[in-house]
Amino acid sequence: LLQSEVARTIAREIQVAVTPEESRRLASARPVNPEAHEAYLKGRFHWLKLSREGLDTAMQYFQLALEKDSQYAPAYSGMASVWAARGEIGVLPPQEAFPKAKEAALKAIELDDTLAEGHMALATVKTVYEWDWTGVEKEFQRALQLNPNNAETVFFYADFLLYVGRAEGWSAQAKRALALDPLSMILQCFYGWHLLYLQRYDEAVLQLRKALHQEPNYAATHLGLWGAFWKKGKYEEALAEAREYHTLSGHGDV
C-alpha cells in the first residue's frame with residue numbers, strides 16, 4: 001500500500017526505530033478511502049464543538065464516511081464519541097446514549113484493534129457509564145501504547161485519574177497533554193473544568209477565560225464558568241454564563 005510504503009521509507013531514511021508491532025501495523029494497513037477520511041476529519045471538527053447541532057453534524061459526516069467505506073474503523077470511533085457526548089451533556093438519557101456508544105466503539109476495535117481512538121472511546125463508556133475501573137485502565141493503556149503522543153488520549157486518561165481520585169497522576173498527564181497540543185480548545189476548556197472539580201475556583205476562572213478568549217462561542221467553557229462563579233458566590237455572573245451556555249448549546253434561553 002502506498003501509505004504504508006511511504007511510512008516505512010521515511011522511517012528508514014531518518015533511521016527511526018520501528019517496533020515489531022508498528023511494523024505489523026504498517027504491513028497490514030488497508031487502503032484509506034480519501035473521501036471517507038475527509039468526511040471523518042470534518043466529523044471530528046464538528047464533534048469538538050460539543051453542542052447539540054455540532055454533534056448532529058458530526059454524526060452525519062461519520063455516517064457519510066461509512067457510506068464511502070463501510071469498513072472504515074475511525075468512523076465508528078467517531079460515532080462512539082458522538083453517542084457518548086450526547087449522554088454526557090444531556091442531549092439523550094445515558095441509558096440510551098452509552099450502549100450505542102459502546103456498540104460503535106466495539107465495532108471500531110473489531111475492524112481495527114490497532115486504532116487508539118476506538119480504545120479511547122470504549123474507555124470513556126467504561127468510565128462514565130459502567131464504572132469499570134479495571135476495564136478503563138486496560139483500554140487507556142492500550143490506546144496509549146498504540147499512540148502515546150495523542151494529546152486527547154493523554155488528557156482523557158488524566159480525566160479518568162481525576163475521576164477516581166488519583167490527582168497526582170492527573171497533574172502530570174494533564175500537563176503533558178497540554179504540552180502536546182497547546183492550541184486544542186477542548187483541552188484548554190476541560191483543564192479549566194478539572195480545576196473546578198478540584199475546588200480551585202479562581203484558577204478555574206482564569207483558565208476558562210483564557211479558553212474563552214481563544215473561542216468565545218464554545219458552550220462547554222461557559223458551562224464551566226457558570227459552575228465556577230456559582231461556587232464563588234457570584235450569582236449574577238453565574239446566571240449570565242448559564243444563559244450563554246444554554247443559547248450556544250441549543251437548549252434555549254433560561
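# Exercises on an all-helix predicted model

The second largest pocket has a volume of about 690 Å³. The model is predicted, so local features need pLDDT of at least 70 and side-chain atom pairs count only at pLDDT 80 or more, while totals for chains, interfaces and linings use all residues. Residues are numbered from 1 along each chain as its sequence is written, and side-chain values use heavy atoms, with hydrogens and water left out.

## Exercise 1: the second largest pocket

Task: State which residues line the second largest pocket nearest its centre, and which elements supply the lining.

Solution. 

Step 1. On a 1 Å grid over the protein atoms alone, a pocket is an open set of points with protein on both sides within 12 Å along at least five of seven lines, and a cavity is a set where a 1.4 Å probe fits but cannot get out; lining residues have an atom within 4 Å of a point. Grid points are joined across faces, edges and corners, and a volume is the space filled by probe spheres set on the points.

Step 2. Take the lining. It consists of 27 residues, and Glu88, Val128, Phe156, Asp159 and Phe190 lie nearest the centre of the pocket.

Step 3. Assign elements. Two or more lining residues come from each of helix 5 (73-89), helix 7 (116-130), helix 9 (151-163), helix 11 (185-197) and helix 13 (219-231). Helices (H or I, at least four residues) and strands (E, at least two) are DSSP runs, numbered from the N terminus. Helix 5 gives the most, with six residues.

Step 4. Sort by class. The lining of this pocket holds 22 nonpolar, three polar and two charged residues. Here Ala, Val, Leu, Ile, Met, Phe, Trp, Tyr, Cys and Pro count as nonpolar, Asp, Glu, Lys and Arg as charged, and the others, Gly among them, as polar.

## Exercise 2: the cavity

Task: Find how many cavities of 30 Å³ or more the whole structure has, and describe the lining of the largest cavity.

Solution. 

Step 1. The search of the whole structure returns one cavity of 30 Å³ or more. The space in the largest cavity is about 40 Å³.

Step 2. Its lining is made of Tyr40, Arg44, Ser77, Gly78, Ser81, Glu117, Met120 and Ala121. Helix 3 (34-47), helix 5 and helix 7 each give two or more residues to this lining.

Step 3. By class, three of the lining residues are nonpolar, three polar and two charged.

## Exercise 3: helix 11 and helix 12

Task: Decide how far helix 11 is enclosed, and what covers helix 12.

Solution. 

Step 1. Helix 11 has 13 residues and spans 19 Å from its first C-alpha to its last, close to the 18 Å expected at 1.5 Å a residue. The expected span is 1.5 Å times one less than the number of residues in the helix.

Step 2. Count burial (buried means under 20% relative accessible area, exposed over 50%, partly exposed in between; 1.4 Å probe, protein chains only). In helix 11, 11 of the 13 residues are buried, so the helix is largely enclosed by the rest of the structure.

Step 3. List the partners. The buried residues of helix 11 pack against helix 3, helix 9, helix 10 (167-180), helix 12 and helix 13. Contact means heavy atoms within 4.5 Å.

Step 4. Turn to helix 12 (residues 201-214), which has 14 residues and reaches 20 Å, close to the 20 Å expected. Its buried residues are Tyr201, Ala204, Val205, Gln207, Leu208, Ala211 and Leu212. Their cover includes helix 11 and helix 13.

## Exercise 4: positive phi

Solution. 

Step 1. Recall the background: most residues other than glycine have a negative phi.

Step 2. Leucine 50 has a positive phi of about 50 degrees and lies in the loop between helix 3 and helix 4. Leucine 50 counts as buried because its relative accessibility is 10%.

Step 3. Tryptophan 131 has a positive phi near 55 degrees and is placed in the loop between helix 7 and helix 8 (133-146). Tryptophan 131 counts as exposed because its relative accessibility is 56%.
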